[in-house]
Amino acid sequence: MAEAKRIVHDLFEPDPLIYWADFLFHDILGWTAFVLAVRAPLYSIYQVLTLTVSALCLYRAVLFVHELSHLKKGTFQVFHFVWNLICGIPLTLPSFMYIRVHTDHHKQKIYGTRHDPEYFPFALAKPYRILMFPLSMLIAPVFFLLRFLVAAPVSFLIPPLRKPLWIYGTSLAVGGDYRRPLPDPREKWLGFVQESATMVWLGTCFFLMARGFLPWKVLGVWYFMAVFILVANALRSLVAHCDRNPPDHVMTFEEQFLDSTDIPGNPLLTPLWAPVGLRYHATHHVFPGMPYHSLGKAHRRLMMELPADSLYPRALRKNMWSVLRQLWKESSENSRSGQGIFKV
């Protein structure tokens, strides 16, 4: 670690210009393509193309929330506000649903255990669980809509419901056993503001559609785009880690690194499904404070300068499909041998 830190010591300063230019370009292009998709003839090639552009751009834009969770407190505050305003809230993914939840994923005593919000040992479960994870995203947008259009206003009217809603319904979590800790006063206030803004945004959109000011096609295009983003992110999550750690085992730092993956892949295609530096996920777990635009450079330096027998190259994977095949193989073998810990 000392040698690795020396090699990348100059790569920890985030560049605001890169953040703003990257985010605004993809967000504006994504919403422009969204409007064009709504206006396009239904099921036309033009609509398919504009929908694809919209989904890919907004997928990249929304994953800047990962960066927001790692930036130093008190920095990029305007960026954070603008991200919520023109990306997070319109997509029903305000940042309070992710920030601090993701921080738990990086805590050594939590990572890979049953309390990790972003980890599930798919390699120790039945193979169908691997399929069900991305397929469940096909209906996930319904629950996001219900979360903000029904659960939120009901909890405002019945205050005792606020606590269970926060614990069980305020986290973008993979692990089913995750229970979000109660918020501190600042987190509670930010959550209230973002939740209220999302509720008002959705309520306004549905009112405008019901009154005929907006076509109902807006909802269909939004739903498709949301499904695309969630499915793509689910597939990315499946290959970000090896997912073979038993829920009660606390891994060492080395075990955590080797349980993560770096998939540099094709420089044009891989960032489409693993944008904002997330194809260097193992490197990110070693240096969680490193900005996304430095991870590729850090990876190349470490591959060149660290000894060939170091742990670092062992996290390297060829592509998404090789990781998925390995995960499926391990899940199948563990299920046949009875070593899997999840029988259902």
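**Aromatic pairs.** I started with the rings and searched the whole structure, which turned up 20 aromatic pairs. I counted rings of Phe, Tyr and Trp (its six-membered ring) as paired if their centres lie within 6.5 Å, with planes under 30 degrees apart called stacked, over 60 edge-to-face and the rest tilted.

**A note on the model.** This is a predicted model, so I note that local features need pLDDT of at least 70 and side-chain atom pairs count only at pLDDT 80 or more, while totals for chains, interfaces and linings use all residues. Residues are numbered from 1 along each chain as its sequence is written, and side-chain values use heavy atoms, with hydrogens and water left out.

**A charge over a ring.** I also found Arg-147 over the face of Phe-148, at 4.9 Å from the ring centre. To qualify, NZ of Lys or CZ of Arg has to be within 6 Å of the ring centre and within 35 degrees of the ring normal.

**Salt bridges.** How many salt bridges does the structure hold? I get 12, taking a salt bridge as a side-chain nitrogen of Lys or Arg within 4 Å of a carboxyl oxygen of Asp or Glu.

I looked at Arg-6 and Glu-305, whose side chains meet at 4.0 Å, N to O. This pair links distant parts of the chain, with Arg-6 in helix α1 (residues 2-7) and Glu-305 in helix α15 (residues 292-305), 299 residues apart. Arg-6 is partly exposed at 47%, and Glu-305 is partly exposed at 44%.

Next came Arg-301 and Asp-10, a salt bridge with its closest N and O atoms 2.7 Å apart. Arg-301 sits in helix α15 and Asp-10 in the loop between α1 and α2 (16-39), so to speak across 291 residues of chain. Arg-301 is partly exposed at 23%, as is Asp-10 at 44%.

Then I checked Glu-330 with Arg-244, where the closest N and O atoms are 2.6 Å apart. Glu-330 lies in helix α16 (residues 320-337) and Arg-244 in the loop between α11 (217-240) and α12 (253-258), so the pair ties together parts 86 residues apart in sequence. Glu-330 counts as buried at 14%, whereas Arg-244 is partly exposed at 36%.

I also jotted down a network of salt bridges that links Arg-100, Arg-180, Asp-184 and Glu-187.

**Cores.** Which residues touch the most other members of the largest nonpolar core? Out of 63 residues, they are Phe-23, Phe-34, Val-62, Phe-64, Trp-83, Leu-91 and Met-225. Helix α11 gives this core its largest share, 11 residues. A nonpolar core here is a set of buried Ala, Val, Leu, Ile, Met, Phe, Trp, Tyr and Cys residues joined through side-chain atoms within 4.5 Å. A second, separate core has 16 residues, including Ala-4, Ile-7, Leu-302 and Tyr-312.

Leaving aside neighbours within four places in sequence, Phe-23 is in contact (heavy atoms within 4.5 Å) with Ala-61, Phe-64, Phe-79, Val-82, Trp-83, Ile-86 and Cys-87.

**Helix α5.** In α5 (residues 77-88), I have Phe-79, Val-82, Trp-83, Asn-84, Cys-87 and Gly-88 as buried. Their cover includes α2, α3 (45-62), α4 (64-68) and α10 (185-210).

**The whole chain.** I listed 16 helices and zero strands; these are DSSP runs numbered from the N terminus, with helices being H or I of at least four residues and strands E of at least two. Of the 344 residues, 49% count as buried. The C-alpha atoms fill a box of roughly 65 × 45 × 45 Å along the principal axes.

**Last look.** Ala-308 is in the loop between α15 and α16, and is exposed at 79% relative accessibility.

Terms used
Buried < 20%, exposed > 50% of the residue type's maximum accessible area, 1.4 Å probe, protein only.
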